[in-house]
Amino acid sequence: MPETKTPARKVLVVEDDVFLRLIEVVLDLASSTERRAAYADYFAHDEPDFEGWCAGVRARAGHLAAAEVRLIETEEELRANLADTDAVVIESLALRDEDFAAAPHLKVVQKFGMGLRNIDTEAAAARGIKVRTLRRRANIACAEHAVGLMLAQAKMVTRLAGRISVEALAELGYHYQPFDRRHTPNSNWARIRGVRMLHEATLGIIGLGEIGREIAPHAAAFGMRVLYTQRRQLSAAEESALHVAYVPLDDLLAQSDWVIPQLPGGTGSRNLIGRAELARMKPGAFIVNVSRPDVIDRVALIEALRSGRLGGFALDPQYEAPGRSDDELLKFDNVILTPHIAAQPRFNALNDIEDLIAGLAKDMG
């Protein structure tokens, strides 16, 4: 009988991101036991059968099952692995025309996200290389969380939840005095001051990246005016599609009722909002931060809250993880802190990776 050839293992070059490592865990049986155990523990509270999930994704991956996955960290490493790769998965690393020329077997490039500024899509198309994007569920979840925090602040939910009796409201300084019901309605019979609406308020987003672009349409749907600032202004078409308007940072701070800094970590964004920036904000404005805590100078933030100039603040994740029960921010009743849950549930990451692998398998034929 003729000898049956074993198909060559597919080669995937993958940027070494904390979630993209899951591709190695699922597809490459050579991935370490230690790493598999670490991810099983990470996902356990939402997916108790992590190995079963991996097996299910692998079964649907067809010819990609048991692929060789090479994790790389730099563009130099990326280029060094292009000669025999079948697919590339990247988030921030760049791929240009000369890179595609050095990758004769490359069939598909997967961007872990939607923005394609780091990929020369025209050069890829000219060589018949498919470029895929992924709308990440965690980014959508972060946008939902940001809007939820804004609503909670506007409606004073955390301050007033359960405070429905005269006695409970009196503990907060609201002393019941009935309206003359012969003539008036009875809404807000507790005479709560400071309840707000998102409608017709101005939101300023600092950094209109992937999460910022998820937040903007939600805010526009509430009837908010949405401003943004970043190093590169978007095209008029992009601004129109997202219902946003560009302004410099100082103008954004001065005009916004709500400010959302949506920036990556690193020295370039650390303490971007300090005393001077907080002083430029509208008195009574709010900040919601679901990116990196150190974008805001903590000392200056507490000063602004203590003075009453800042209307409120919401944060996820915290300056320390785990947080501390004696955190000074917990003393303010206009502050909402949540324990790094904005991107949850864990199935966001699991479903993203499952979709990513299925898409690669389909396009690689």
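This is a predicted model: local features need pLDDT of at least 70, side-chain atom pairs count only at pLDDT 80 or more; totals for chains, interfaces and linings use all residues.
Q: Which residue with positive phi follows α10?
A: The backbone after α10 has a phi near 85°. The residue with this positive value is Gly-223.

Q: Which handedness has the unit that β6, α10 and β7 make?
A: Strands β6 and β7 are paired in the parallel sense, with five bridges between them. Within this pair, Leu-203 has Val-226 of β7 as its bridge partner. Together with α10, the two strands make a β-α-β unit that is right-handed.

Q: How many of the five residues of β7 are buried?
A: Strand β7 pairs with β6 over five bridges and with β8 over two bridges, in the parallel sense. The strand is mostly covered, and its buried residues number four.

Q: Which strands are the edges of the open sheet of seven strands?
A: The strand order in this sheet is β8-β7-β6-β9-β10-β11-β12, and the pairing is parallel. An edge strand pairs on one side only, and this applies to β8 (245–246) and β12.

Q: What angle does the direction of helix α7 (residues 137–154) make with that of β10?
A: Helix α7 packs on the sheet. Its contacts there are with β6 (202–206), β9, β10, β11 and β12. With the direction of β10, that of α7 makes an angle of about 150°.

Q: Which residue of β10 is the bridge partner of Trp-258?
A: Strand β9 (residues 258–261) runs parallel to β10, and two bridges join them. The partner of Trp-258 in β10 is Phe-286.

Q: Which residue of β11 is the bridge partner of Val-288?
A: Strand β10 (residues 286–289) is joined to β11 by four bridges, and the two run parallel. With helix α14 (residues 298–307), these strands make a right-handed β-α-β unit. In β11, Val-288 is partnered by Ala-314.

Q: Are the residues of strand β11 (residues 312–315) buried or exposed?
A: In a regular strand the side chains alternate between the two faces of the sheet. In β11, Gly-312 and Ala-314 point one way, and Phe-313 and Leu-315 point the other way. All of these residues, whichever way they point, are buried.

Q: Which residue of β12 stands opposite Leu-315?
A: Strand β12 (residues 335–337) pairs with β11 in the parallel sense over three bridges. In β12, the residue opposite Leu-315 is Leu-337.

Q: At roughly what angle do the axes of α7 and helix α15 (residues 347–364) cross?
A: Two packed helices are described by the angle between their axes and the distance between the axes. For α7 and α15, the axes come within 8 Å, and the crossing angle is roughly 150°.

Q: How many residues of the contact of α7 with α15 are charged?
A: From α7, the contact involves Arg-137, Ala-138 and Ala-141; from α15, it involves Asn-348, Asn-351, Asp-352 and Asp-355. Two of the contact residues are nonpolar and two are polar, while the charged residues number three.

Q: What is the average twist from one strand to the next in the open sheet of five strands?
A: This sheet has the order β2-β1-β3-β4-β5 with parallel pairing. Its edge strands are β2 (68–72) and β5 (130–132). From one strand to the next, the twist averages 15°.

Q: Which residue of β3 is the bridge partner of Val-13?
A: Strand β1 (residues 11–15) pairs with strand β3 (residues 87–90) in the parallel sense, over three bridges. In β3, the partner of Val-13 is Val-88.

Q: How many disulfides does a search of the whole structure find?
A: A disulfide is a covalent bond between the sulfur atoms of two cysteines. Cys-54 is buried with a relative accessible area of 0%, and Cys-142 is buried with 9%. The number of disulfides found in the whole structure is zero.

Methods: Residues are numbered from 1 along each chain as its sequence is written. Side-chain values use heavy atoms; hydrogens and water are left out. Buried means under 20% relative accessible area, exposed over 50%, partly exposed in between (1.4 Å probe, protein chains only). Two strands pair if DSSP finds at least two bridges between them. A crossover is right-handed if, with the strands pointing away from the viewer, the path from the first strand over the helix to the second runs clockwise. Contact means heavy atoms within 4.5 Å. Axes are lines fitted to C-alpha atoms, for helices over the stretch in contact, and angles run from 0 to 180 degrees between N-to-C directions. A disulfide is a pair of cysteine sulfur atoms within 2.5 Å. Ala, Val, Leu, Ile, Met, Phe, Trp, Tyr, Cys and Pro count as nonpolar, Asp, Glu, Lys and Arg as charged, and the others, Gly among them, as polar.
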